[in-house]
Amino acid sequence: MLKIPDEFSFFIKENPPEKPQVAISACLNGEAVRYDGTSKRLATTSTLLSNALTLLPICPEVGAGMTTPRPPIQLVRTGDQIEAMGRDDKNLNPTPQLEQFRQQSIDKLAPSLCGYIFKARSPSCGINSTPIFNSEGEDIGVGSGLQAAYVQQTLPWLPIQEEQDLATEQQCQQFIFQCQLLRDLRLGCQQQGLAAVHKHYVTIINVLPNQQQAALEASMKAGTQERYWEILLRALAV
């Protein structure tokens, strides 16, 4: 992650600051909602992450009406389509329900969401890590789960991580800062506008490569605030 200048400060002054709202795969938050009725608690959720963030547990399968425990599903590519199909029960296809839930859940949270922590390799939640099979059951590569793919497509500025990338204090602090920064950018734009936010963040912008500085300047002048957030957050994640 790019080194933040010592003189850095957030645009919005709050005392104490409100915690950013961050969605998390419910199993990583300790809920026994996996297909086999177990959880996969992420150790740092009970300390570092929960102290700095408001964690919002989401299980897409449960949200889509599936039971716990439930038959396992996997991603299957048929032509240009990727669907969630039963691993053992080939007639099981909860894709429509999962797609409906992902739109409803994310569209509802989007105005205040500042991050998302996903379960790796999940047919709903993996970020470019979920196995994809063909109709014959052969492993043909990896991609994103249905929920994660929707977030990547509709909220490209949102800080997202899988659990293995939040195992250390340093990794957690970097993610927390990104979530705090997005909340600050959003509130700043709402209260005083993108130009004022851009002026405030000049100490960070000046340490970025010239190409990214130019992109931020152009986005600011065009008033495309969500594109501005995406450029800045991605630049700082390097």
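**Entry 1: ground rules**

Helices (H or I, at least four residues) and strands (E, at least two) are DSSP runs, numbered from the N terminus. With that in hand I looked up Q100, and I found this residue in helix α3, residues 95–109. I note that this is a predicted model, where local features need pLDDT of at least 70 and side-chain atom pairs count only at pLDDT 80 or more, while totals for chains, interfaces and linings use all residues. Residues are numbered from 1 along each chain as its sequence is written, and side-chain values use heavy atoms, with hydrogens and water left out.

**Entry 2: more on Q100**

Is Q100 buried, partly exposed or exposed? I use these cut-offs: buried is under 20% relative accessible area, exposed is over 50%, and partly exposed is in between (1.4 Å probe, protein chains only). Q100 has 48% relative accessibility, so this residue counts as partly exposed. I also checked Q100 against G63: they are 37 residues apart in sequence, and their C-alpha atoms are 9.7 Å apart in space.

Next I turned to the strands, where two strands pair if DSSP finds at least two bridges between them. I traced an open sheet of four strands in the order β2-β1-β5-β8, with parallel pairing. The edges are β2 (54–58) and β8 (160–162); each has a single partner strand, so one side of each is left without a neighbour in the sheet. Neighbouring strands here are turned by 25° against each other on average, direction ignored. (Axes are lines fitted to C-alpha atoms, for helices over the stretch in contact, and angles run from 0 to 180 degrees between N-to-C directions.)

I then followed β5, residues 113–118, which pairs with β8 in the parallel sense over three bridges. Which residue of β8 stands opposite Y116? I found I160 there.

Helix α4 (residues 146–154) touches β2, β5 and β8, and its direction makes about 145° with that of β5. Helix α5 (residues 169–192) touches β1 (21–25), β5 and β8, and its direction makes about 150° with that of β5.

**Entry 3: the mixed sheet**

I found another open sheet of four strands, in the order β4-β3-β6-β7, and its pairing is mixed. Its edge strands are β4 (81–86) and β7 (139–143), each of which pairs on one side only. The twist averages 40° from one strand to the next.

I looked at both sides of β6, residues 130–133. With β7, β6 pairs in the antiparallel sense over four bridges. T130 stands opposite G143 in β7, and P131 stands opposite V142 in β7. With β3 (residues 73–78), β6 pairs in the parallel sense over two bridges, and V76 stands opposite F133 there.

Where do the side chains of β6 point? In a regular strand the side chains alternate between the two faces of the sheet. I saw T130 and I132 pointing one way from β6 and P131 and F133 the other way, and all are buried.

I also spotted that β6 and β7 form a hairpin with five residues between them, and that G137 in the turn has a positive phi of about 85°.

**Entry 4: cysteines**

**Entry 5: T44**

T44 sits in the loop between β1 and α1 (48–52). Its relative accessibility is 9%, so T44 counts as buried. Leaving out residues up to four places away in sequence, I found T44 touching L49, S50, L166, A167 and C172.

**Entry 6: helix α9**

My last look was at α9, residues 225–237. This helix has 13 residues and reaches 18 Å from its first C-alpha to its last, close to the 18 Å expected at 1.5 Å a residue; the expected span is 1.5 Å times one less than the number of residues. Its buried residues are Y228, W229, E230, I231, L232, L233, A235 and L236. What covers them includes α5, α6 (194–200), α7 (202–205) and α8 (210–222).

Methods
Contact means heavy atoms within 4.5 Å.
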